[in-house]
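Visitor: Could you take me through one part of this protein in close detail? I would like to see how that part sits within the rest of the chain.

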Amino acid sequence: MGIFGSWKAKPSNQSQVDAFEIVASQVVDLLATAGVVLDDRNLVLRASPGAVQFGLVQNGHLVHASMLQLVEECRASEHPVEVEIQIEAGLQQEQMWVNAKAAKFGDRYVMLLVEDRTEAIRLEDTRRDFVANVSHELKTPIGAISLLTEAIQGAQEDPETIKKFSGSLQKESQRLGSLVQELMELSRVQGANLTETAKEIDLGAVIGEAVDRNLVLADQRQVRLLTSKSESATLLGDYEMLTTAVRNLVENAVAYSEPGSQVGIGLKVIDGIAEIAITDSGIGIPEDEQERIFERFYRVDPSRSRVTGGAGLGLSIAKHAATNHRGELRLFSKAGIGSTFTLRLPIDKKESE
């Protein structure tokens with residue numbers, strides 16, 4: 001019946017009791033997950049390294065009351081008991097979701113197995129939120145396109161109205177196209193394998209192309225782009241991915257800058273780290289929102305995003321690109337003063353010489 005079957009044999013003497021304990025210890029030692037064996041007083045006879053790491057056991061006792069309750073339910077049942085519960089672990093009392101199973105191991109003992117489900121549940125929540133967000137973001141332009149098409153069909157005798165609605169239809173189509181493109185870019189950076197695509201690339205060329213792709217937007221917004229490459233740097237990476245990341249950062253800076261202002265883009269190398277900094281003097285980001293700024297679909301100023309057509313994916317794409325290249329994306333911002341996003345990428349020191 002396996003370790004979750006009810007083993008009915010009763011130890012008749014101390015040697016048999018000892019044998020039970022030895023078998024229980026050997027089983028726990030073989031477990032890849034968190035396992036604990038308890039005696040009839042609920043004292044811990046054996047705990048796997050995973051159980052200790054989870055903080056399930058302290059001074060020979062189970063720490064969590066919910067686990068003790070599960071053990072007692074198991075003792076009163078003829079069958080193994082299984083629950084999925086939330087517990088607190090570590091010095092920071094972090095919330096963890098675990099799947100816990102308890103089964104009798106003979107008449108005196110109970111074996112408790114605990115599997116960490118936190119990451120799986122977090123990923124499922126992320127997937128659900130992502131699907132909901134995508135559905136919402138697609139619904140807006142698709143609904144607008146449908147209404148505008150109907151309006152144009154009903155205004156066949158009014159050229160001015162048709163012209164007006166056609167312009168709006170084009171804007172919504174461009175917005176939908178941009179959203180689909182950003183979703184494709186996000187999917188690409190999330191599933192990238194740089195061991196297959198990495199090549200030696202020049203970060204100066206990355207910056208140059210990223211800036212070129214924003215010239216039209218900068219001209220429309222009357223924002224001046226200033227590029228300063230005090231040093232050169234090369235690294236092994238994905239050219240298109242990094243270009244997209246820098247382009248998104250520059251585009252974001254331009255979109256949130258006031259007409260007549262400027263956006264600076266610089267490159268420098270410090271202790272084997274290439275830093276690409278994009279600085280604007282725009283509206284800035286409130287401190288209480290800075291932790292969420294890299295979340296997918298998150299917008300500091302939704303009204304501004306509706307004007308610029310942003311979907312709230314650009315910074316998330318840039319952060320994933322940085323992570324894929326073993327780097328990071330830092331933010332320094334003050335509301336009303338401006339923001340600086342710094343893409344930091346590790347390179348071989350000899351490459352920057």
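Guide: Happy to. Let me begin with a term for strands: two strands count as paired if DSSP finds at least two bridges between them. In this predicted model, strand E1 (residues 34-38) and E7 are joined by five bridges and run antiparallel. Within that pairing, Gly-35 stands opposite Leu-113 in E7. Strand E7 (residues 109-116) is largely enclosed by the rest of the structure, because six of its eight residues are buried.

Let us set that against the whole. The protein has eleven helices and 14 strands, and 40% of its 353 residues count as buried. Among contacts with a separation of 6 or more, 61% are between residues 24 or more positions apart.

In soluble globular proteins, nonpolar side chains tend to be buried together. Here the largest nonpolar core has 43 residues, and Leu-203, Ile-265, Ile-276 and Leu-343 have the most contacts inside it. Among the elements that give two or more residues to this core are helix H5 (159-190), helix H7 (203-212), helix H9 (239-255) and strand E12 (273-280). H9 gives the most, with eight residues.

Leaving aside residues up to four places away in sequence, Ile-276 touches a set of residues including Leu-203, Ile-207, Val-246, Ile-265, Phe-341 and Leu-343. There is also a second, separate core of 22 residues, which includes Phe-54, Leu-70, Ile-85 and Val-110.

Back to H9 itself. The helix has 17 residues and reaches 24 Å from its first C-alpha to its last, close to the 24 Å expected at 1.5 Å a residue. H9 is mostly covered, with 13 of its 17 residues buried. At the start of the helix, a side-chain oxygen of Asp-238 comes to within 3.2 Å of the backbone nitrogen of Glu-240.

Note on methods. Residues numbered from 1 in each chain as written. Predicted model: local features only at pLDDT ≥ 70, side-chain atom pairs only at ≥ 80, totals over all residues. Heavy atoms only, no water. Helix = DSSP H or I, 4+ residues; strand = E, 2+ residues; numbered from the N terminus. Buried < 20%, exposed > 50% of the residue type's maximum accessible area, 1.4 Å probe, protein only. Contact = heavy atoms within 4.5 Å. Core = buried A, V, L, I, M, F, W, Y, C linked by side-chain atoms within 4.5 Å. Expected span 1.5 Å × (residues − 1). Polar contact = N/O pair within 3.5 Å; in protein donor to acceptor, adjacent residues only side chain to side chain.
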